[in-house]
Amino acid sequence: METHHFHFKTRRHNYPQVVCANHRVTTSKSNVNPSVLRLHNYGNPTADLAKERAVSADETKRPSTGKFGRFGGKFVPETLISCLEQLEVVFHQVLQDPEFQEELSTALNDYVGRETPLYYAERLTAHYKAQNMGRGPDIYIKREDLAHCGAHKMNNALAQAMIAKRMGLTAVVAATGAGQHGVATASACAKLGLSCTIFMSAADMEKQPSNVDLMTLLGAKVEPVRPTAGSFKDATSDSIRDWTEKLGEVYYLAGTAVGPHPCPTMVREFQSVIGRETRRQAAEKWGGTPDAVVACVGSGSNALGIFHEFVRDPTVRLIGVEAAGFGLNTGKHAATLAAGEVGVYHGAMSYLLQDEEGQITCPHSVGVGMEYPGVAPELSFLKETGRMEFYSASDEEAVEAYRRVARLEGILPALEASHAFAYLEKLCPTMPDGAKIIISCSGRGEKDTETVFNYPIS
């Protein structure tokens, strides 16, 4: 049974029950058969995309719970249920609307700059082969840093801004951590003539002043979230609170695959263009699929964007790299899948970082875009089924990887993406000669140059 509550704290639990504040949500722990993946659009890997998206008229009118196994759902106040159900109906409609899809495709090509390249990192490949007697994998980089505004965030921001306009709304509210989603949302709103308010923690504003300036230049109002010790989770709370106070007037533009259904599914759907391009590009370059796809995992939009296309293909390893911060044993990290427990936060059930009393703890990462105490319900499900592998990289390892990629390839990856590059140190020695690894470079790292310059070298 699912009770609709918006934002309540979680307590540690022993299965079969999860206790959330004074509200109990029954669940059960079981070994999930991988075949259940088919229930979540993970069927035939060669199925036509249009056929996958086919939804009958009756289905678009019937609200769903948005569950991935026991994860996800809509744990929100009753006042939000009808709003979310309306959004879900519109979402399914635009997936079937040729006019909307044509408009989106044109904008992704001509405005965002898709498709982004799949780049062979020759010198990075040689670097790791030199450490293993000339043998090792070939490394390719999916260059989302070359998309408009410098990150993958634009794919989803543009599509959702178009939905807001279709719904007749003229104002958008969003939250951002590192600022990339904020810049993308501000850009999309400027393009479509929508007003835009971005919530960002005061601490992150100090770390990313260039992105704050860009949002302002693009016409957005940037609302600082206090206290200064706050982070992306606090900005998210304030943005959703603002949205609930103005229902029917503003559109909440989710930037990552968390929150109540249908927000996580929408973000994943609009980011999955990354994986579809990657599959096609791999077939063109070497006539096959990658042996491994590696992506950083903060809350999940980048990882799901490239992973989703390959979830149904068991020959492709899917590797997510979380932020170990100062170390998993220090409590100063953002490795939710490695160290979290199941609970409800921001309207959905997923793995969360929480203390002994069930209070949400403050995550830490040198890549501020990874500082969120939860993770996408879909990634939580894929962890539980064993389909994805999850590892972590420390702040120091991420900074070292940033410098390494810069000097060997002339590419400045965002510190968030640098966590994925850092895992090559451990992954490459285990891969056979000629294996193909694809790293998702989720964004560019000019915003992080000051942090990298000032980071102490051990």
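In this predicted model, a salt bridge joins the side chains of Lys129 and Asp433, with an N to O distance of 3.9 Å. Lys129 belongs to helix α5 (residues 122-130), while Asp433 sits in the loop between α18 (424-427) and β16 (436-441), so the contact ties together parts 304 residues apart in sequence. Lys129 has a relative accessible area of 18% and is therefore buried, since buried means under 20%. Asp433 is partly exposed, at 38%. Both residues also take part in a network of salt bridges, together with Arg135, Asp138 and Lys436.

The whole structure holds 28 salt bridges. One of them pairs Glu144 with Arg114, at 2.7 Å from N to O. Glu144 lies in the loop between β6 (138-143) and α6 (153-166), and Arg114 in the loop between α4 (98-112) and β5 (118-120); the pair therefore ties together parts 30 residues apart in sequence. Glu144 and Arg114 are both buried.

A further salt bridge connects Arg404 and Glu425, whose closest N and O atoms are 3.5 Å apart. Arg404 is in helix α16 (residues 395-409) and Glu425 in helix α18, so distant parts of the chain, 21 residues apart, are linked. Arg404 counts as buried, at 18% relative accessibility. Glu425 is partly exposed, with a relative accessible area of 35%.

The surface also carries a nonpolar patch. Leu214, Leu217 and Leu218 make this patch, which covers about 280 Å². Leu218 is placed in the loop between α9 (209-217) and β9 (221-225). Its relative accessibility is 32%, so Leu218 counts as partly exposed.

How values were computed:
Residues numbered from 1 in each chain as written. Predicted model: local features only at pLDDT ≥ 70, side-chain atom pairs only at ≥ 80, totals over all residues. Heavy atoms only, no water. Patch = residues over 30% accessible without salt bridge, like charges linked within 9 Å, V, L, I, M, F, W, Y side chains within 5 Å. Areas by Shrake-Rupley, 256 points an atom, 1.4 Å probe, with all protein chains shown as cover. Salt bridge = Lys/Arg side-chain N within 4 Å of Asp/Glu carboxyl O. Helix = DSSP H or I, 4+ residues; strand = E, 2+ residues; numbered from the N terminus. Buried < 20%, exposed > 50% of the residue type's maximum accessible area, 1.4 Å probe, protein only.
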